[in-house]
Amino acid sequence: MHQNTQPLVATHIEPLLTVNDLVVRFDSSRGTVHAVDGVSLSIKPGETLGLVGESGCGKSTLGRAIARLVEPQSGSVRLGGVDLTRLTRSGMRPYRRDIQVVFQDPLASLDPRCTVGMLIGEPLRIHGIGDRRQRRDRIADLLSKVGLSADSADRYPHQFSGGQRQRIGIARALALDPRLIILDEPVSALDVSVQAQILNLLVDLQSKLGVAYLFISHDLSVVEYVSDRVAVMYLGRIVETSTREKLWSSPAHPYTRALFDSIPRIDTGDLGRRRHMVQGDLPSAYNPPEGCHFHTRCPRAEEFCAVESPILRTVADSHVAACHFA
(Lines give C-alpha, C1' and ligand atoms only; values in the text may rest on other atoms or scores of the structure.)
Protein backbone atom coordinates (compact mmCIF):
# COMPACT_ATOMS: atom_id res chain seq x y z
CA MET A 1 0.00 0.00 0.00
CA HIS A 2 1.03 3.58 -0.56
CA GLN A 3 0.27 5.85 2.35
CA ASN A 4 -2.43 8.47 1.92
CA THR A 5 -0.58 11.60 0.84
CA GLN A 6 -3.58 13.88 0.47
CA PRO A 7 -2.98 17.29 2.07
CA LEU A 8 -4.80 17.93 5.31
CA VAL A 9 -7.99 19.91 5.02
CA ALA A 10 -7.36 23.58 5.69
CA THR A 11 -8.11 24.52 9.30
CA HIS A 12 -10.23 27.59 8.38
CA ILE A 13 -12.90 25.49 6.66
CA GLU A 14 -16.10 25.16 8.68
CA PRO A 15 -16.83 21.61 9.91
CA LEU A 16 -19.27 19.48 7.99
CA LEU A 17 -20.11 17.51 11.14
CA THR A 18 -19.94 18.72 14.73
CA VAL A 19 -20.73 16.36 17.61
CA ASN A 20 -21.04 17.99 21.02
CA ASP A 21 -21.23 16.21 24.39
CA LEU A 22 -23.04 13.18 22.93
CA VAL A 23 -24.32 10.59 25.40
CA VAL A 24 -25.69 7.13 24.57
CA ARG A 25 -26.79 4.73 27.31
CA PHE A 26 -28.50 1.34 27.15
CA ASP A 27 -30.55 -0.02 30.04
CA SER A 28 -30.71 -3.76 30.72
CA SER A 29 -31.41 -6.16 33.56
CA ARG A 30 -27.72 -5.93 34.52
CA GLY A 31 -27.77 -2.14 34.72
CA THR A 32 -26.97 0.78 32.46
CA VAL A 33 -24.28 0.61 29.78
CA HIS A 34 -22.47 3.93 29.34
CA ALA A 35 -21.62 3.35 25.68
CA VAL A 36 -20.89 6.96 24.66
CA ASP A 37 -20.03 9.29 27.54
CA GLY A 38 -19.99 12.95 26.52
CA VAL A 39 -18.15 12.72 23.18
CA SER A 40 -17.32 15.83 21.13
CA LEU A 41 -15.63 15.80 17.71
CA SER A 42 -15.78 17.43 14.30
CA ILE A 43 -15.11 16.46 10.68
CA LYS A 44 -14.42 18.90 7.85
CA PRO A 45 -15.66 18.46 4.27
CA GLY A 46 -13.52 15.95 2.39
CA GLU A 47 -11.60 14.95 5.54
CA THR A 48 -11.05 11.52 7.07
CA LEU A 49 -11.26 11.32 10.85
CA GLY A 50 -9.99 7.99 12.13
CA LEU A 51 -11.64 6.70 15.31
CA VAL A 52 -9.54 4.13 17.11
CA GLY A 53 -9.78 2.17 20.35
CA GLU A 54 -10.17 -1.29 21.83
CA SER A 55 -13.21 -3.44 21.06
CA GLY A 56 -16.02 -2.45 23.40
CA CYS A 57 -14.98 1.18 23.83
CA GLY A 58 -18.08 2.55 22.07
CA LYS A 59 -16.72 3.36 18.59
CA SER A 60 -19.48 1.64 16.61
CA THR A 61 -22.21 2.98 18.89
CA LEU A 62 -20.89 6.50 18.35
CA GLY A 63 -20.97 6.00 14.58
CA ARG A 64 -24.51 4.67 14.69
CA ALA A 65 -25.65 7.52 16.92
CA ILE A 66 -24.24 10.07 14.46
CA ALA A 67 -26.27 8.38 11.70
CA ARG A 68 -29.33 8.22 14.00
CA LEU A 69 -29.39 4.42 13.84
CA VAL A 70 -29.42 4.52 17.65
CA GLU A 71 -30.88 7.40 19.65
CA PRO A 72 -28.65 9.44 21.97
CA GLN A 73 -29.93 10.52 25.39
CA SER A 74 -28.36 13.97 25.18
CA GLY A 75 -25.91 16.10 23.22
CA SER A 76 -26.05 17.27 19.62
CA VAL A 77 -25.03 16.07 16.15
CA ARG A 78 -24.90 19.00 13.73
CA LEU A 79 -24.58 18.40 10.01
CA GLY A 80 -24.02 21.66 8.17
CA GLY A 81 -25.47 23.51 11.17
CA VAL A 82 -28.63 21.37 11.48
CA ASP A 83 -28.97 19.45 14.76
CA LEU A 84 -30.00 15.97 13.65
CA THR A 85 -30.88 14.87 17.18
CA ARG A 86 -33.82 17.32 17.25
CA LEU A 87 -35.39 16.08 14.01
CA THR A 88 -38.41 13.80 13.90
CA ARG A 89 -38.22 10.57 11.94
CA SER A 90 -39.80 12.21 8.90
CA GLY A 91 -37.68 15.34 9.37
CA MET A 92 -34.55 13.21 9.40
CA ARG A 93 -35.34 11.53 6.07
CA PRO A 94 -33.81 14.18 3.74
CA TYR A 95 -30.58 14.16 5.78
CA ARG A 96 -30.17 10.40 5.46
CA ARG A 97 -28.98 11.12 1.93
CA ASP A 98 -26.06 13.06 3.43
CA ILE A 99 -24.87 10.38 5.88
CA GLN A 100 -24.39 6.78 4.78
CA VAL A 101 -22.82 3.78 6.54
CA VAL A 102 -20.57 0.94 5.36
CA PHE A 103 -20.68 -1.91 7.87
CA GLN A 104 -18.03 -4.38 9.00
CA ASP A 105 -19.59 -7.56 7.61
CA PRO A 106 -20.76 -7.04 4.03
CA LEU A 107 -22.50 -10.41 3.87
CA ALA A 108 -24.62 -9.61 6.93
CA SER A 109 -25.47 -6.10 5.70
CA LEU A 110 -26.52 -7.16 2.18
CA ASP A 111 -29.93 -8.84 1.87
CA PRO A 112 -29.22 -12.26 0.30
CA ARG A 113 -32.66 -12.26 -1.37
CA CYS A 114 -31.85 -9.17 -3.45
CA THR A 115 -29.65 -8.84 -6.49
CA VAL A 116 -26.81 -6.35 -6.38
CA GLY A 117 -28.78 -4.06 -8.66
CA MET A 118 -31.73 -4.12 -6.29
CA LEU A 119 -29.47 -3.42 -3.29
CA ILE A 120 -27.74 -0.42 -4.86
CA GLY A 121 -30.92 0.86 -6.48
CA GLU A 122 -33.05 0.71 -3.34
CA PRO A 123 -31.83 4.06 -1.89
CA LEU A 124 -32.51 5.71 -5.25
CA ARG A 125 -36.01 4.28 -5.34
CA ILE A 126 -36.80 5.22 -1.74
CA HIS A 127 -35.76 8.83 -2.31
CA GLY A 128 -37.50 9.04 -5.67
CA ILE A 129 -34.37 9.64 -7.71
CA GLY A 130 -34.65 9.03 -11.47
CA ASP A 131 -36.85 6.68 -13.47
CA ARG A 132 -36.10 2.99 -14.00
CA ARG A 133 -33.66 3.57 -16.87
CA GLN A 134 -31.84 6.36 -15.06
CA ARG A 135 -31.50 4.22 -11.97
CA ARG A 136 -30.14 1.34 -14.05
CA ASP A 137 -27.52 3.66 -15.57
CA ARG A 138 -26.66 5.01 -12.13
CA ILE A 139 -26.19 1.48 -10.78
CA ALA A 140 -23.84 0.60 -13.67
CA ASP A 141 -21.85 3.80 -13.02
CA LEU A 142 -21.54 3.05 -9.30
CA LEU A 143 -20.40 -0.50 -9.96
CA SER A 144 -17.77 0.86 -12.33
CA LYS A 145 -16.60 3.34 -9.69
CA VAL A 146 -15.90 0.52 -7.22
CA GLY A 147 -14.22 -1.74 -9.80
CA LEU A 148 -17.06 -4.14 -10.65
CA SER A 149 -18.61 -4.89 -14.03
CA ALA A 150 -22.13 -3.75 -14.96
CA ASP A 151 -23.37 -7.37 -15.21
CA SER A 152 -22.69 -7.73 -11.46
CA ALA A 153 -26.06 -6.06 -10.98
CA ASP A 154 -27.86 -9.31 -11.91
CA ARG A 155 -26.03 -11.48 -9.39
CA TYR A 156 -26.56 -12.10 -5.67
CA PRO A 157 -24.23 -11.21 -2.76
CA HIS A 158 -23.26 -14.82 -2.03
CA GLN A 159 -21.81 -15.10 -5.54
CA PHE A 160 -19.07 -12.60 -4.70
CA SER A 161 -15.91 -12.71 -2.57
CA GLY A 162 -15.65 -10.79 0.69
CA GLY A 163 -13.75 -7.94 -0.92
CA GLN A 164 -16.22 -7.71 -3.80
CA ARG A 165 -19.13 -7.66 -1.35
CA GLN A 166 -17.54 -4.75 0.48
CA ARG A 167 -17.20 -2.94 -2.86
CA ILE A 168 -20.95 -3.46 -3.30
CA GLY A 169 -21.55 -1.99 0.15
CA ILE A 170 -19.45 1.04 -0.77
CA ALA A 171 -21.34 1.46 -4.06
CA ARG A 172 -24.63 1.39 -2.17
CA ALA A 173 -23.33 4.01 0.27
CA LEU A 174 -22.32 6.26 -2.63
CA ALA A 175 -25.67 5.98 -4.44
CA LEU A 176 -27.17 9.13 -2.89
CA ASP A 177 -24.02 11.28 -3.19
CA PRO A 178 -23.55 11.59 0.59
CA ARG A 179 -21.40 14.24 2.20
CA LEU A 180 -20.26 11.87 4.97
CA ILE A 181 -19.73 8.10 5.01
CA ILE A 182 -19.30 6.28 8.31
CA LEU A 183 -17.02 3.30 7.72
CA ASP A 184 -17.42 0.88 10.64
CA GLU A 185 -14.45 -1.53 10.61
CA PRO A 186 -14.84 -1.86 6.81
CA VAL A 187 -11.76 -4.04 6.22
CA SER A 188 -11.36 -5.99 9.49
CA ALA A 189 -13.11 -9.09 8.06
CA LEU A 190 -10.92 -9.16 4.93
CA ASP A 191 -7.54 -10.68 4.10
CA VAL A 192 -4.62 -8.27 4.28
CA SER A 193 -4.12 -8.13 0.50
CA VAL A 194 -7.83 -7.41 -0.01
CA GLN A 195 -7.72 -4.80 2.76
CA ALA A 196 -5.13 -2.89 0.75
CA GLN A 197 -7.35 -2.91 -2.33
CA ILE A 198 -10.39 -1.60 -0.43
CA LEU A 199 -8.36 1.09 1.35
CA ASN A 200 -6.86 2.27 -1.92
CA LEU A 201 -10.36 2.34 -3.42
CA LEU A 202 -11.65 4.48 -0.53
CA VAL A 203 -8.77 6.94 -0.84
CA ASP A 204 -9.28 7.18 -4.61
CA LEU A 205 -13.04 7.71 -4.29
CA GLN A 206 -12.52 10.44 -1.70
CA SER A 207 -10.07 12.30 -3.94
CA LYS A 208 -12.57 12.20 -6.82
CA LEU A 209 -15.82 12.81 -4.96
CA GLY A 210 -14.76 14.96 -1.99
CA VAL A 211 -16.75 12.88 0.49
CA ALA A 212 -15.79 12.96 4.18
CA TYR A 213 -15.16 9.76 6.15
CA LEU A 214 -15.50 8.75 9.77
CA PHE A 215 -13.24 5.70 9.67
CA ILE A 216 -13.76 3.40 12.67
CA SER A 217 -11.13 0.76 13.37
CA HIS A 218 -9.09 -0.93 16.09
CA ASP A 219 -6.18 -1.37 13.65
CA LEU A 220 -3.69 1.47 14.03
CA SER A 221 -1.89 0.73 10.77
CA VAL A 222 -5.13 0.98 8.81
CA VAL A 223 -6.09 4.21 10.59
CA GLU A 224 -2.67 5.71 9.90
CA TYR A 225 -3.00 4.89 6.20
CA VAL A 226 -6.35 6.55 5.54
CA SER A 227 -6.73 9.32 8.14
CA ASP A 228 -6.06 13.04 8.15
CA ARG A 229 -6.84 13.33 11.86
CA VAL A 230 -7.29 10.66 14.52
CA ALA A 231 -9.48 10.49 17.64
CA VAL A 232 -8.63 7.91 20.31
CA MET A 233 -11.57 6.51 22.29
CA TYR A 234 -11.50 4.74 25.62
CA LEU A 235 -14.53 3.43 27.51
CA GLY A 236 -16.99 5.81 25.90
CA ARG A 237 -14.80 8.92 25.96
CA ILE A 238 -12.45 10.64 23.52
CA VAL A 239 -9.07 10.80 25.28
CA GLU A 240 -6.94 12.31 22.50
CA THR A 241 -7.34 13.95 19.10
CA SER A 242 -4.60 15.11 16.76
CA THR A 243 -3.39 15.10 13.20
CA ARG A 244 -2.11 11.74 12.02
CA GLU A 245 1.51 12.93 11.90
CA LYS A 246 1.52 14.47 15.39
CA LEU A 247 -0.25 11.55 17.00
CA TRP A 248 2.22 9.04 15.58
CA SER A 249 5.27 11.17 16.40
CA SER A 250 4.27 12.37 19.89
CA PRO A 251 1.21 10.73 21.49
CA ALA A 252 0.26 12.63 24.65
CA HIS A 253 -2.15 10.28 26.43
CA PRO A 254 -0.83 7.17 28.26
CA TYR A 255 -3.52 5.04 26.62
CA THR A 256 -2.50 6.16 23.14
CA ARG A 257 1.15 5.43 23.91
CA ALA A 258 0.15 2.01 25.22
CA LEU A 259 -1.75 1.28 22.01
CA PHE A 260 1.34 2.11 19.96
CA ASP A 261 3.53 0.00 22.23
CA SER A 262 1.16 -2.94 21.76
CA ILE A 263 1.98 -3.09 18.03
CA PRO A 264 4.33 -6.07 17.47
CA ARG A 265 7.82 -5.01 16.37
CA ILE A 266 10.78 -7.01 15.13
CA ASP A 267 13.32 -4.20 14.90
CA THR A 268 16.19 -4.60 17.36
CA GLY A 269 16.15 -0.89 18.17
CA ASP A 270 12.98 -1.48 20.17
CA LEU A 271 14.49 -4.11 22.47
CA GLY A 272 16.18 -1.71 24.85
CA ARG A 273 13.23 0.65 25.19
CA ARG A 274 10.77 0.30 28.01
CA ARG A 275 7.32 -0.43 26.61
CA HIS A 276 4.10 0.71 28.29
CA MET A 277 1.66 -1.85 26.96
CA VAL A 278 -1.96 -1.77 28.07
CA GLN A 279 -2.33 -3.86 31.23
CA GLY A 280 -5.46 -5.73 32.27
CA ASP A 281 -8.90 -5.87 30.65
CA LEU A 282 -11.16 -3.04 29.63
CA PRO A 283 -13.37 -2.19 32.66
CA SER A 284 -17.07 -2.89 32.39
CA ALA A 285 -19.16 -0.22 30.68
CA TYR A 286 -21.86 -1.05 33.26
CA ASN A 287 -19.69 0.34 36.02
CA PRO A 288 -16.90 2.52 34.61
CA PRO A 289 -14.22 3.75 37.04
CA GLU A 290 -14.69 7.11 38.73
CA GLY A 291 -12.43 9.97 37.76
CA CYS A 292 -10.22 9.17 34.78
CA HIS A 293 -11.64 6.02 33.19
CA PHE A 294 -8.10 4.85 32.35
CA HIS A 295 -6.57 5.19 35.83
CA THR A 296 -7.09 1.50 36.69
CA ARG A 297 -4.68 0.52 33.87
CA CYS A 298 -2.47 3.59 33.67
CA PRO A 299 1.25 3.33 34.60
CA ARG A 300 1.29 7.03 35.57
CA ALA A 301 -1.90 7.16 37.65
CA GLU A 302 -1.90 8.88 41.05
CA GLU A 303 -4.55 9.00 43.75
CA PHE A 304 -6.38 12.07 42.43
CA CYS A 305 -6.80 10.39 39.01
CA ALA A 306 -9.41 8.15 40.63
CA VAL A 307 -11.37 11.20 41.77
CA GLU A 308 -10.95 13.96 39.20
CA SER A 309 -11.97 13.35 35.58
CA PRO A 310 -9.56 15.11 33.19
CA ILE A 311 -10.96 17.31 30.43
CA LEU A 312 -9.64 17.54 26.89
CA ARG A 313 -7.06 20.32 26.83
CA THR A 314 -4.66 21.59 24.21
CA VAL A 315 -1.15 20.15 24.41
CA ALA A 316 0.01 21.51 21.04
CA ASP A 317 -1.49 23.05 17.92
CA SER A 318 -4.45 20.89 16.75
CA HIS A 319 -3.60 18.35 19.47
CA VAL A 320 -5.77 17.77 22.56
CA ALA A 321 -5.64 15.11 25.27
CA ALA A 322 -7.65 14.28 28.39
CA CYS A 323 -4.90 13.50 30.88
CA HIS A 324 -3.72 15.33 34.01
CA PHE A 325 -0.11 14.72 32.91
CA ALA A 326 -0.41 15.43 29.18
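This report walks through one predicted model, starting with its confidence and then moving to its sheet and helices.

**Ground rules and confidence**

Residues are numbered from 1 along each chain as its sequence is written, and side-chain values use heavy atoms, with hydrogens and water left out. Since this is a predicted model, local features need pLDDT of at least 70 and side-chain atom pairs count only at pLDDT 80 or more, while totals for chains, interfaces and linings use all residues.

So what is pLDDT? It is the predictor's confidence in each residue, from 0 to 100. Here the chain averages 91, and 92% of the residues score at least 70. A contact means heavy atoms within 4.5 Å.

**The sheet**

Helices (H or I, at least four residues) and strands (E, at least two) are DSSP runs, numbered from the N terminus. Two strands pair if DSSP finds at least two bridges between them. Eight strands build an open sheet in the order E6-E7-E8-E3-E9-E10-E12-E11, and the pairing is mixed. Strand E6 (99-102) and E11 stand at the edges with a single partner strand each, so one side of each has no neighbour in the sheet. From one strand to the next, the twist averages 25 degrees.

At one of them, E6 runs parallel to strand E7 (residues 180-184), and four bridges join the two. Gln100 has Ile181 in E7 as its bridge partner. At the other, strand E11 (residues 313-316) and strand E12 (residues 319-321) run antiparallel and are joined by three bridges. Thr314 stands opposite Val320 in E12. E11 and E12 form a hairpin with two residues between them, and Ser318 in the turn has a positive phi of about 60 degrees.

**Helices on the sheet**

Axes are lines fitted to C-alpha atoms, for helices over the stretch in contact, and angles run from 0 to 180 degrees between N-to-C directions. H6 lies across E6 and E7, at about 175 degrees to E6. Helix H10 (residues 254-261) lies across strand E9 (229-234) and strand E10 (237-243), at about 100 degrees to E9.

**Helices on helices**

| Pair | Axes come within | Crossing angle |
|---|---|---|
| H6 (residues 162-174) and H7 (residues 192-209) | 10 Å | roughly 20 degrees |
| H4 (residues 116-126) and H5 (residues 132-145) | 10 Å | roughly 120 degrees |
| H4 and H6 | 8 Å | roughly 25 degrees |

Angles under 35 degrees count as roughly parallel, over 145 as roughly antiparallel, 65 to 115 as roughly perpendicular and the rest as oblique. That makes H4 roughly parallel to H6, and H6 and H7 are therefore roughly parallel to each other too.

Which residues of H4 meet H6? Val116, Leu119, Ile120 and Pro123 in H4 meet Ile168, Ala171 and Arg172 in H6. By class, that contact of H4 with H6 holds six nonpolar, no polar and one charged residue. Ala, Val, Leu, Ile, Met, Phe, Trp, Tyr, Cys and Pro count as nonpolar, Asp, Glu, Lys and Arg as charged, and the others, Gly among them, as polar.

On the H5 side, H4 brings residues including Gly117, Gly121 and Leu124, which meet H5 residues, among them Arg135, Arg138 and Leu142. The contact of H4 with H5 has six nonpolar, two polar and three charged residues.
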